[in-house]
Each structure stands twice: as structure tokens, then as C-alpha cells.
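Open the viewer and keep the sequence beside it. This tour moves from one selection to the next.

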Amino acid sequence: MGRISEPEFKARMVQVLMPFGKGVIRSVVGPGRSGQIAAVYASHILGAAWLPPTMKAREIPARMRPVLAIDTAARTGATLRRLVRVTGAEYSRFLFTEPPLLRFWYEGQEP
């Protein structure tokens with residue numbers, strides 16, 4: 001797959017989020033820099049609030065649940081599982097599976 005363009009990213013995001021629809025998810029969180037991009041996109045598509053990945057489960061009020069934890073890519077899934085554990089997210093999704101190693105349009109050009 002190689003380099004993922006913004007239109008490819010957005011199309012995959014819509015596909016992954018399709019089962020939820022607007023109003024099902026109330027907030028979205030993503031791990032690390034890349035996960036934050038996925039979380040912001042998802043929050044806009046779903047009409048949900050964005051949460052910083054540093055929030056703990058006890059800090060997220062009931063009115064902001066259910067929470068979706070989302071990441072751009074997963075190798076083992078450990079990062080996303082850790083985020084679910086910390087935030088108490090009720091749902092989790094990733095957009096792409098690695099390997100092969102993926103690069104995204106926002107990561108700049110190859111050196």
C-alpha cells in the first residue's frame with residue numbers, strides 16, 4: 001500500500017465509522033500524534049467530542065460516553081488496547097494494519 005493519501009485516509013475512515021452513525025458515539029480519543037489525527041477526523045464525521053489521550057476513565061463524564069478509541073494503524077494492537085484500558089473506551093477501531101509499514105500524507109516526504 002505504501003503512502004496513504006488524505007482522500008484514501010478519509011474514505012477508509014468513513015468505511016470504519018459507518019456502523020456507528022451520528023449520535024451513537026459521544027466522544028473520540030486516539031493515541032499519540034497519528035492517533036490524534038484519526039480521532040479529530042472521527043470526531044468531525046461522527047459529530048462527537050474529541051478527548052485528549054491523557055484522560056483517565058474516571059475523568060470522562062457519563063454524558064461523554066460511549067467513547068471510541070481510534071488509531072491510524074495497528075501492528076499488534078497493543079497501543080489501542082492500552083488506550084482502551086486507560087480511558088475505559090467502550091469501542092475501538094483502527095484504520096489500517098501493518099506490516100507493511102505505512103506512511104501518511106501528513107508525514108512529509110521521504111528523505
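Start with Thr-87. Leaving out residues up to four places away in sequence, Thr-87 touches Val-29, Met-55, Lys-56, Ala-57, Ile-60 and Arg-65. Keep in mind that this is a predicted model.

Stay on Thr-87. Is this residue buried or exposed? Thr-87 has a relative accessible area of 1%. The cut-off for buried is under 20%, so Thr-87 counts as buried.

Now select helix α3, residues 78-87; Thr-87 lies in this helix. Show the side chain of Thr-87 and look for two polar contacts. A polar atom of that side chain lies 2.8 Å from the backbone oxygen of Leu-83. The Thr-87 side chain also reaches the backbone nitrogen of Ala-89, at 3.2 Å.

Next, the sheet. Select β3, β2, β4 and β5: these four strands form an open sheet in that order, with parallel pairing. The edges are β3 (49-51) and β5 (91-97), each of which pairs on one side only. On average, neighbouring strands are turned by 25 degrees against each other, direction ignored.

Zoom in on β2, residues 27-29. Strand β2 pairs with β3 in the parallel sense, over three bridges. Pick Ser-27: its bridge partner in β3 is Ala-49.

Two helices remain. Select α1, residues 6-17. Helix α1 packs on the sheet and touches β4 (67-74) and β5; its direction makes about 145 degrees with that of β5. Then select α2, residues 32-46. Helix α2 also packs on the sheet, touching β2, β3 and β4. The direction of α2 makes about 130 degrees with that of β4.

Conventions
Residues are numbered from 1 along each chain as its sequence is written. This is a predicted model: local features need pLDDT of at least 70, side-chain atom pairs count only at pLDDT 80 or more; totals for chains, interfaces and linings use all residues. Side-chain values use heavy atoms; hydrogens and water are left out. Two strands pair if DSSP finds at least two bridges between them. Axes are lines fitted to C-alpha atoms, for helices over the stretch in contact, and angles run from 0 to 180 degrees between N-to-C directions. Contact means heavy atoms within 4.5 Å. Buried means under 20% relative accessible area, exposed over 50%, partly exposed in between (1.4 Å probe, protein chains only). A polar contact is a pair of N or O atoms within 3.5 Å; within protein, one must be able to donate a hydrogen and the other to accept it, and residues adjacent in sequence count only if both atoms are side-chain atoms.
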